[in-house]
Amino acid sequence: MAHKTKRTAVYLLTATMAFSGMGMTAQASSILPGGGVSLALENGNKLEDVTSEVATLPIESIIESIPLGDSEAPEPTEEDLFRNLVIAQVDSYVNVRSMPSEEGEILGKLYDNSVGTFIGEENGWYQINSGSVTGYVKAEYCVTGEAAVEIAKQVGKRIATVTTETLYVREEPSTECDIIGMVPGTADLLALEEADGWVRVDIEEGEGWVSGDYVSLHSEFVQAESKEEEERRLAKEEEERRKAQAAAQAAQAAQNSTAAQNNVTYAASGGSEMGLAVANYGLQFVGNPYVYGGSSLTNGTDCSGFVMSVYANFGVSLPHSDAGDRTQGYAVDGLANAQPGDIICYSGHVAIYIGGGQIVHASSSTTGIIVSNANYREILAIRRIF
């Protein structure tokens, strides 16, 4: 079992995975588990598990928070909550066992940077609750207490979910300041700073401020996946992949493989045949307008409407929501493993990867549908449909 000796940048949902039933492994994969349950922490909330049948879960994960039972108890700080985490620090995953011994039955897997709630410690093992799994992990492959606080800040994402129909994003934390953009209800925004009832967020038009009255804040982590959840997830992923490929093949007609903007020609390359078809189809609409709330590839669309409408041409139904797109398909480990057709998710924004480190997306009312470098903003997630 190999420990991680050096850490660089860490992001939500970037653990590598293997499907061995024994111990841990250094095997890597660009497709990550998606059937487990993620964990959201809010100040004033207990850190508790959330369990559900996989059939009722979105393909990626669900996020819930459970209020404190004792309303008179002092409100815990974020660091108080982080101290009660157990965070895996391994190359791939650590097994969760039924007892504090290598002889214990394997109940599930706690992937690198995934978290559980600390219950107790026994003979060099931590007892944890994570997702639907309660069991033991070897302490030498995890951190908890004070050591978990800083790692939790790195591997977790502070997310502001919009709770109103349309929310203005302003240049400064004041209603007197200029509006730089608008975001729709349920959008998930990366929270960069919280101050005096305002939250600094990242949107397509740049960084700005939203009122804390109209967002719900939480920290996102990933929890363990049980053996049963893994089996159901793998079966579901295979079925979803088969359906998506069949739908795309049935819908695919003669598609124009290039798109032009200002006499510049773009073409997708690499990846699967279906992913390439999606990327090339999206490229046909470069230069068309951006319209907030729209979904017309010719007359105007917003970012999630663009992704939704492109995929609809291939018989695949996606939500008209950037937050919803983060739950579709299967997770991909980093831009280096992205393929044309993958959905690239940003704070309050989504795009379609076309290969070569580029995306096609409905960017803003100023630019319309354009091609950009994929790493022009921090990527929250990469999702693969085919």
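Predicted model: local features only at pLDDT ≥ 70, side-chain atom pairs only at ≥ 80, totals over all residues.
**The nonpolar core**

Begin by selecting Phe306, Val307, Tyr311, Ile343 and Val360. These residues have the most contacts inside the largest nonpolar core, which has 31 residues. Next, colour the elements that each supply at least two residues of this core: helix H4 (273-283), helix H5 (303-312), strand E25 (343-346), strand E26 (349-355), strand E27 (358-364) and strand E28 (368-373). Helix H4 provides the largest share, six residues.

Now centre the view on Ile343. Which residues does isoleucine 343 touch, not counting those up to four places away in sequence? They are Val307, Tyr311, Leu318, Asp325, Val350, Ala351, Ala381, Ile382, Arg383 and Ile385. Two of these, Val307 and Tyr311, were also in the opening selection.

**The surface patch**

Select Tyr168, Ile179, Met182 and Tyr292 next. Together, these residues make a nonpolar surface patch of about 350 Å². Isoleucine 179 has a relative accessible area of 41%, so it counts as partly exposed, a class that lies between the limits of 20% and 50%.

**The buried lysine**

Finally, select Lys157 in strand E12 (residues 157-162). Is lysine 157 buried or exposed? Lysine 157 is buried because its relative accessible area is 8%, and buried means under 20%.

How values were computed. Residues numbered from 1 in each chain as written. Heavy atoms only, no water. Core = buried A, V, L, I, M, F, W, Y, C linked by side-chain atoms within 4.5 Å. Buried < 20%, exposed > 50% of the residue type's maximum accessible area, 1.4 Å probe, protein only. Helix = DSSP H or I, 4+ residues; strand = E, 2+ residues; numbered from the N terminus. Contact = heavy atoms within 4.5 Å. Patch = residues over 30% accessible without salt bridge, like charges linked within 9 Å, V, L, I, M, F, W, Y side chains within 5 Å. Areas by Shrake-Rupley, 256 points an atom, 1.4 Å probe, with all protein chains shown as cover. Salt bridge = Lys/Arg side-chain N within 4 Å of Asp/Glu carboxyl O.
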